[in-house]
Every structure is written in C-alpha cells, then in structure tokens.
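Please keep the sequence and the 3D view side by side as you read.

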Amino acid sequence: MSHDSRTALRVCPLCEATCGLTLTIEGTTVTGARGDRDDVFSQGFICPKGASFGGLDADPDRLRTPLVRTDGVLREATWDEAFDVIAAKITALIDEHGKQAVGVFLGNPNVHTMAGGLYPPLLLAALGTRNVFTASTLDQMPKHVSSGLLFGDAQAIPVPDLDRTAHLLLIGANPLESNGSLCTAPDFPGKLKALRRRGGTLTVIDPRRTRTARLADRHAAIRPGTDALLLAALTQVLLEEKLADPGTLTEHLDGFDELAEAMADFTPEAVSAACDLEPDTIRGIARELAAAPSAAVYGRIGSCTVEHGTLASWLVDVLNILTGNLDRPGGALFPLSATGRAPRPAAPGKGFALGRWRSRVSGHPEAKGELPVAALAEEIETPGEGRIRALVVIAGNPVLSAPDGDRLDRALADGLDFMVSVDPYLNETARHADVVLPPPPPSQSAHFDFALNSLAVRNQVRYGRAAVPLEEGGMDECEILARLVLAVGGNHGAPPESVDDLVIAATLAKAGAPETLAAELTGLTGAERRLDLMLRMGPYDLTLEQLLAHPHGIDLGALKPRVPQVLRTRTGRIELFPEPIAADLPRLRASLGARPAGLVLVGRRHLRSNNSWLHNVAALRGGSNVCTLQIHPEDAARLGLAEGDTARISAAGGEVEAPTEITDSVRTGVVSLPHGWGHSRAGTRLTVAGADPGVNVNQLLDGSLLDPLSGTSVLNAVPVSVTAVRGAVPVSVTSTR
C-alpha cells in the first residue's frame, strides 16, 4: 500500500446481501475492495460484484454533469439550468393537462441508495399522480400483495431464519447466484452449507439444476409455471393427513376451515401431470416439512414472475403457518429494522385493499399504489384525457427490464412531451430523456439500507458517510432528488434542506412529539437529520451519533416472534383465506389440465450481474455471465442445434437470436435466457456493454400476460419456439455446467 493510501468502510450497494466492504483509496480513487471482517452482519464475505466496486465507481462512461436536450441533442448543462427546465416544463404540463399527465418509473437501484429510500415518496406526493410504475411489477409485487392480504401490511414480509432452521424449502430461488432477494443475507452460500453441516435438510424446487440445487438434499425439477399447483398440493397433504399444526398462531388465524375446503381438489395425484412430479415425491416433501423440528419455505422470482405468482406467494406463507413455522425461531420471522415502527399493541388496522383505481387504457387494477409496468407504453401512446405526456424515471431501465421493450422504446421516443432521467448512465431508457441528472459514484455517497434492513435475516444497523469527497461539479443524490421534489411541486428554488425540514416537522407532529426535538437532531445534511429522527423514534432508541461511533455496525440480535403486533388486517388476525385469493383459485384449478405444447422459457441469474445495470463493468464480464440460450441435449438434438450454434427464439412479442449452450442443467422442454441484456441500441454511452450486447429476453413478451392480482408481468414459463439459424457462424460458449 502506498504512503497516500487509506481505507474506508462502506456497505456494498450492488445487491440485496448488503455486505460490508473495506475500500482501499488512493487520493480520490477506489483501488481495491475486500470484505470487512469486522462487519457485524457480513463478517468478511464478499462476492465478485463487491470486489469490482472500484471498477463501477470509476467507470469512464458514468455521466459527471447534467444533460439537457436542445434542438434534439443532449448537451452538458449546469445543475441550475437542468432544474430550471424541469420546473418550467413539468409545471406547464400539469397546468394544461392535469396531474395524471405525469408518470413516474422507479427502478431497482432505488432500494440500494439512501436517496432512493427517502425522497421518491415525497416526489409522488408532490406530483399527485396515480401513474406510478416500478420494477416491483417485474419482480416481487406478488409477495407484497400476498403479505397485504394475509397480514394487512404489504411490507410485512417474513424471511427464513437461515441460521437456525432445520429444513429449508426453496422454490424458484437461486441464492447462490442472486445472493438472496426479499431475504437480506450476506454469505447465503455459507448459510446453506452450515444448514447441511448441522444436519438440516435443503430442498430445492427449480426447473434448472442451479448451483443452489446442486447443494440440495433433494432437487425436484418442476415444470416451469406450476409452482402454485405444487404448493397447493403440499398444503392439501398437510390438511388431509392431519399434519397441520399452526401452534401458537392458531388463536390469530381466520379462515382455516375455508382454506381446507378450497385445497381439497389439489391432491398430489391431481397436480402430478401438470407439475411433472410424482405424487410420492410431493407427499414426501410435505411430510418432511411437517416432521422437521423447524422449517422455512422461501419462494422468489421464479415463483413470482409466473401466471399464478400471488397465489404461489400466498401459499408459501400458508405452508409456513400450517407447519407452525411462521413467526418462530428456525422458521420464517418478521425482521424489525432500526428505522422501523416501534412495536405497538396489537389492534385491528386499516387492512389492505386492491384495485382502488385502475389504469386508463386497459383498466388494470392498482396494487400497493402502483400500476403494471406492462401498461406504461399504452398509457403514453393512447390519446385522450389522462395520457402520460411527461415521465420521470429514477434509476430505471424499463426498455430492457419490461416486456416488449421495442414498443416502449418507440413510445418514449415519439409519445412524450418531456422526460427526466436520474441515472449515472445514458442507457437504453435514459437516452430518450430531455434532462438527465447523474448521481455521483457510490464512493461519494453516504449509505443506509432502509428497505433491505427490514428484510434482513438478523436485526442489525450500519451507516457510512461518503468514503470520498464529492467531486467538483457533482451533486449528492439526496440533494438531486430533494431539488426534483421542489421543482415539480411548485417550490422551485427553495433550499433543498427545506424538504427534509418539512418531513421532520410533519413526522414529529404526527407522533405527538415536541417540536423542540428537531433542534436536538444531529447530522451534516437534511438526510442525516431525518435518519437520526427515524433511529430515535424506532424500536431500539438509537441515534445517528451511536451509528457513527460503530463503523462496523451494531448487532441488534436474532429475529424474534412479532405476531400479533405486526398484523394490520381489519380483523387484527391473519386472514388465511382472503376473498381476492378465493376469487383467483378457479383460475389455478383450471390450469390443472394445461400442458405446454412445446418449449417454455425461463430466465436465470448471474452472480456477476444484477438486472441490466452492471454490464458496463469490465471486471464482471465473462465466465458464466454470458447471454446464451441454455437447452437440454435431447431438445438440442431434436432441433438440430450444436454447441455455439445461433438459435432463433420466437414468442408472442417478437424474436431474438442467441448462441446455444447445451447443458443438462435445464430439464427437457425448457430453455433459459438471462435477463438484463440487449445493449445494442444507438444513442447510449455504454462502451463495455455495447461491445458484447447480448439480446433482450423481454422482447419475446408482448406484455399481455400478467398475474391479475398483482399486475406482475409473466416473465417465466413463457411458450417459445426455437429453430437453428442456418449459415450462422458458431460461437465459443463458456459453459456453466
């Protein structure tokens, strides 16, 4: 280490595991990143993404200054000029066409930044629009909806107690590649290996023999899209064989008898052909689950982004409830974050409602205040009152992440009067913006995990200030979003800290706390003062100063039972068989006889990637992180495909071509393409990604297939046809077998 080198601590913002990093910094450049061995949560674990922190931080393609479109061309501009344009354009559009003329899209990285946790709700309140779209309807919205229906709170998501469980059933999840999702757990691989070492059991349900599945005691290669049928059959076995025992939860349950009646048809024999699993296998999984001293069922993106995603998400927790494993150590528990609500006495709440309004064109019902991303293009294209004329995109790239990106691409190009993008890159979506506001690199940003701490497998809290000073001409992301709130809300030019002051005053008033508490808050910024207030009012009575005094974090202990305090249903009880679920069950019953006529498509995760936003980091490219079509040897032989051949994949939304990777890690009848690729559009500034762009799997989808309860796009178990492209030159494929 050179004499001017120093180290700084930072929590990694590149996936949901939130590992602590020790950065090596020379001058203002991050030259290395390793795991922080003293971090209270991650204890030194690091993955390739965290190790590449410096490469992402110093990416020469990152925008350093705002861009403003003049005469059709984006040019560099000052921050004041950029916000002046936003204030003038958005205000004029709202004055002429009303609040619904503005749409907002929030992307996945918002949950990985302090600014993304604090300011988007204020932006939505300032705009007053119902045209809100987020990456949730491309991912986890079914879990929010099922939690809302069961527990009355869409944010009350139980997570598996990985460190203490004796039996873990994973369905549609591949945490060895994803590092966990809706389950914040550094070193997920180590936790699964520890489960095995202590004599526990790991069961994986997945149509692919993933790295996670290879670790399992039992891998059931289910037919894609039938997760809810399997979960219903497991539920039926527990009820039929009198294995269900909710234990202490019994007194908090409504709807047990109705559930038993509704599940009666879903026997292992009834679902066997659809799932392509033997009835004895299904019974065995159910009995093992019931017999385990403690167990947790955990379902993720493979079981969410399918036709029955909400039903599958609901049944995951039904199984946890029926086996007595919800809200008990070793089962699935509700985390309590340091900035969460302090525990309150159990009492009936407002409950959770779906469909409080509908989208203008197709009448899609809202869920958790959001409309389906699949509806965004038509809301821009279709004339009439309430048409989206302006769009604000924060940390999102829906041209790649949403179905039928070509249609959305055209809508953004031709259908909008004005667009703002808050993004460090000129990506496939941001290239259409009239104003681009670039946040600074992560080393120059303070970090706190608001959302992810509420999903953590152990209660803990960590905060770090920026490791490197803000470069000249840069603007902190919290200030960018605060100014954006002021610009669109009629207060353009007011000090950005006034946004935070208003929130602090309103929070104190709502809590009945003395106004004088505002003067006691510490912090260098408005965002820090808000964090200090949330910590003080939270369940652990902490302060910002305490966090700063513990740079490796504060351990707040193992997860503890929290029912009934967590419940916010109208009855104050767990509503085991809510009406919207009951109304959707006939659709599941009808699918018992469905069989795919040909191949079906599933996605896949890469450890060295995260959706569409890390493909420009050279250190993360290559290895298994390649855009190939994985296909089983029997299917490849039938179609005349050899390793490296170019395959044409066609579906309702279009067609793409990708190199063939022949592997028995996918079951017969299934092909797999990763998501987040397709960096081939002109007008972006993504040098590394553009050199090897891959293809956009979501272009195969036309957006018409949705899970009706959550509005989530069906991205998995999609029927496709695959043909060999004759005359194409085979390419070398790095196999992941």
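## Charge and surface

How many positive and negative side chains does the protein chain have, and how far apart do the centres of the two sets lie? The chain has 69 positive and 86 negative side chains. The centres of these two sets lie 3 Å apart. Keep in mind that this is a predicted model.

The protein chain exposes about 26300 Å². Carbon and sulfur atoms supply 51% of that area.

## Overall build

The secondary structure comes to 27 helices and 28 strands. The radius of gyration is 25 Å, close to the 27 Å given by the globule rule for 737 residues, so the chain is as compact as a globular protein of that length. Along the principal axes, the C-alpha atoms fill a box of roughly 70 × 65 × 60 Å.

Buried residues make up 60% of the 737 residues. Take the contacts between residues at least 6 apart in sequence: 74% of them join residues at least 24 apart.

Strand β2 covers residues 20-26, and strand β3 covers residues 29-35. They pair in the antiparallel sense over six bridges. Within this pairing, Thr24 stands opposite Gly32 in β3.

The hairpin of β2 and β3 has two residues between the strands. There, Gly27 takes a positive phi near 65°.

## A covered helix

How many of the residues of helix α6 are buried? The count is 11 of 11 for this helix, which spans residues 141-151. Among them are Met141, Lys143, His144, Leu149 and Phe151.

What covers the buried residues of α6? The cover includes the helices α14, α15 and α25. It also includes the strands β20, β26 and β27. Just after α6, Gly152 takes a positive phi of about 85°.

Helix α15 runs over residues 309-322 and holds Asn320. Asn320 is buried, with a relative accessible area of 1%. Leaving aside residues up to four places away in sequence, Asn320 touches Ala295, Ala296, Val297, Asn325, Leu326 and Ala332.

The loop between α15 and β14 holds Asp327. Phi of Asp327 is near 65°, a positive value in a residue other than glycine. Asp327 counts as buried because its relative accessibility of 7% falls under 20%.

Is Leu63 buried or exposed? Leu63 is buried, at a relative accessible area of 7%. Its place is in the loop between α2 and β4. Residues up to four places away aside, Leu63 touches Asp423, Pro424, Tyr425, Leu426, Val436, Pro438 and Arg685. Gly369 is 306 residues from Leu63 along the chain, and their C-alpha atoms are separated by 32 Å.

Asn179 lies in the loop between α7 and α8. Asn179 is not a glycine, yet it has a positive phi of about 70°. At 3% relative accessibility, Asn179 counts as buried. Pro564 sits in the loop between β19 and β20. A cis peptide bond joins Val563 to Pro564, with omega about 15°.

Note on methods
Residues numbered from 1 in each chain as written. Predicted model: local features only at pLDDT ≥ 70, side-chain atom pairs only at ≥ 80, totals over all residues. Heavy atoms only, no water. Helix = DSSP H or I, 4+ residues; strand = E, 2+ residues; numbered from the N terminus. Rg over C-alpha atoms; globule rule 2.2 N^0.38 Å. Buried < 20%, exposed > 50% of the residue type's maximum accessible area, 1.4 Å probe, protein only. Contact = heavy atoms within 4.5 Å. Areas by Shrake-Rupley, 256 points an atom, 1.4 Å probe, with all protein chains shown as cover. Lys, Arg positive; Asp, Glu negative; His and termini not counted. Charge placed at Lys NZ, Arg CZ, Asp CG, Glu CD. Pairing = 2+ DSSP bridges.
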